[in-house]
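Trainee: I would like to learn how to read sheets, helix packing and ligand surroundings in a model. Can we go through one together?

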Amino acid sequence: MTTTATGLTPLDSAANEPLYRQIYQRFRAAIASGVLKPGDRIPSARALTKELGLARGTIDAAYALLAAEGYVSPRGQAGTIVTPGLKPQPMDIVPPPLAQPKDLKPSYRPDSILPFQMGLPALDAFPRKIWARLSARCSRAMQPADMTHPAVFGLPSLRAEIAAYLHMSRGIACSPHQVFITSGYAQSMQLVCRALLNAGDRVWVEDPGYPPTRDLLQHLNIETVPVPVDHEGMRIDQAIGRSPDARAAVVTPAHQSPLCVTLSLPRRHALLDWAEANAAWIIEDDYDGEYRYVSRPLPALKSLDEKGRVLYAGTFSKVLFPALRLAYLVVPESQVERFEQSAHLFSGSPQLTQTIVSAFISEGHFARHIQRMRRLYGERRSMTIAGLQNVLEKHVSIDSPPGGMHLILRLRHPCDDRRLVARMRECGLYGEALSDWTTGDDGASAVLLNFTNIDSQATAEMLARRILSLLES
Ligand SMILES: Cc1ncc(COP(=O)(O)O)c(C=O)c1O
């Protein structure tokens, strides 16, 4: 049977819901009520465009969403059909739309690079010459085929390099088709939400925890359940107590963000057991797992994932530089198809950049760079701690975690950390208040400082004196 849109409720261009979503909802309603049955052909996008008098892009967006969510399947010449075997879902349990505009607090991005700026690797130590040589070579080698739209799931050679790297360095056994290239952690998370979660789902997040994770989930109408963190990482027992039926957990097991503690082995097992028993998902945000200074980097949580419950999110922002906007997501084998469908909503990452990174890895520069940075950061971390301690000892105690790229200055005397970082920023220093990473108002008062760009103890002391003058004024 081929349906037409005739007879359905009129589309409302003044409604809050965009037109493509209204069309998408129409098809879902038609499928839910049995008007459209599995195997039925739906009108071609061209025919529906004409019939509804709308822009072709509107219809294409609606069809892409239906396809990404598995409601319809394109069949080439035969057109697009309602997916065979699809079980109709009554509309009253159809989840509300994922994205709802909500006020998001933008993260602080100064105009120039500030001392202690969070999230930055050592910018002075990046191998620019090698990068420039590879970039020039990749640009020269570019063929017309490399100038078309990039592969949506990522450049095959880069996916293969990442799979091999993860195998060797992070203990993760995965094949290239499980690796999806994205433009950053936020896009990796959106992909996970699109593929596996629904609005209204509950997700455990660490408290304190990386604010963009909370913001992004809440923006997608996903309820975040803050879970306290202690010296062994997320309190899995408390998470289960608070919300046993959560659909997912987001964790930073290598170096908890921001406390830098490591998720202990018993907790890793407890988390995996919970996910397996409840068919829930674990999103492992391994943003800087490479940087550990007291021992070898720990294997990723994903390496223990025998039942395929862990989504592993990695990024090149810390190991190369954030302006690249390249990250990746490793999905369980069983979910590859689902993610392929959802990834079609995104348009792929810049191909030339992927080509350069792929060459950078395959020619050994990546592994060498990480090793050099691990050594350098170990030194800079010690020098920064020594410099800060010499000057600020009366006022702060410094957590020296085993890994990561920042330090935590715990304020000894009652002091508003938000106010202190605001004053630091006014005088050209970067800091983040631990209170801003904590839900509720009873969080510890502390300042987070990145050390990767502090080149000597003397520099740390000089900067510490500026902080001292703020603390004593
Ligand atoms: C906890 C955490 N997760 C993920 C990321 C990576 O984000 P992106 O890939 O968007 O640069 C960061 C970067 O600062 C981070 O601190």
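Mentor: We will take the sheets, then a helix pair, then the ligand.
This is a predicted model, where local features need pLDDT of at least 70, side-chain atom pairs count only at pLDDT 80 or more, and totals for chains, interfaces and linings use all residues. Residues are numbered from 1 along each chain as its sequence is written, and side-chain values use heavy atoms, with hydrogens and water left out.

Trainee: In what order do the eight strands of the open sheet run?

Mentor: Strands of a sheet pair through backbone hydrogen bonds, either parallel or antiparallel. Here the order is S4-S11-S10-S9-S8-S5-S6-S7, with mixed pairing. Strands are DSSP runs of E, at least two residues, and helices are runs of H or I, at least four, numbered from the N terminus. Two strands pair if DSSP finds at least two bridges between them.

Trainee: Which strands stand at the edges?

Mentor: Strand S4 (179–182) and strand S7 (233–234) do; each has a single partner strand, so one side of each lacks a neighbour in the sheet. S4 pairs with strand S11 (residues 327–330) in the antiparallel sense, over four bridges. Ile-181 has Tyr-328 in S11 as its bridge partner.

Trainee: And the sheet of three strands?

Mentor: That open sheet has the order S1-S3-S2 and antiparallel pairing. Its edge strands are S1 (41–42) and S2 (72–74), each pairing on one side only. Two bridges join S1 to strand S3 (residues 80–82). One partner pair is Ile-42 with Thr-80 in S3.

Trainee: At what angle do H12 and H14 pack?

Mentor: Two packed helices are described by the angle between their axes and the distance between the axes. Helix H12 (residues 365–392) and helix H14 (residues 457–472) pack at about 40 degrees, with axes 8 Å apart. Axes are lines fitted to C-alpha atoms, for helices over the stretch in contact (heavy atoms within 4.5 Å); angles run from 0 to 180 degrees between N-to-C directions. The residues of this contact divide into 10 nonpolar, four polar and two charged. Gly counts as polar here, and Ala as nonpolar. Among the residues that meet are Met-383 and Leu-388 in H12, and Ala-464 and Leu-468 in H14.

Trainee: Which residues surround the ligand?

Mentor: A residue counts as near if one of its heavy atoms lies within 4 Å. The surrounding residues include Gly-184, Tyr-185, Asp-285 and Arg-325. Ser-317 has a polar side-chain atom 2.5 Å from a ligand oxygen. For an N or O atom in the side chain of Thr-315, the distance to a ligand oxygen is 2.7 Å. For Lys-318, the corresponding distance is 3.1 Å.

Definitions and conventions. A polar contact is a pair of N or O atoms within 3.5 Å; within protein, one must be able to donate a hydrogen and the other to accept it, and residues adjacent in sequence count only if both atoms are side-chain atoms.
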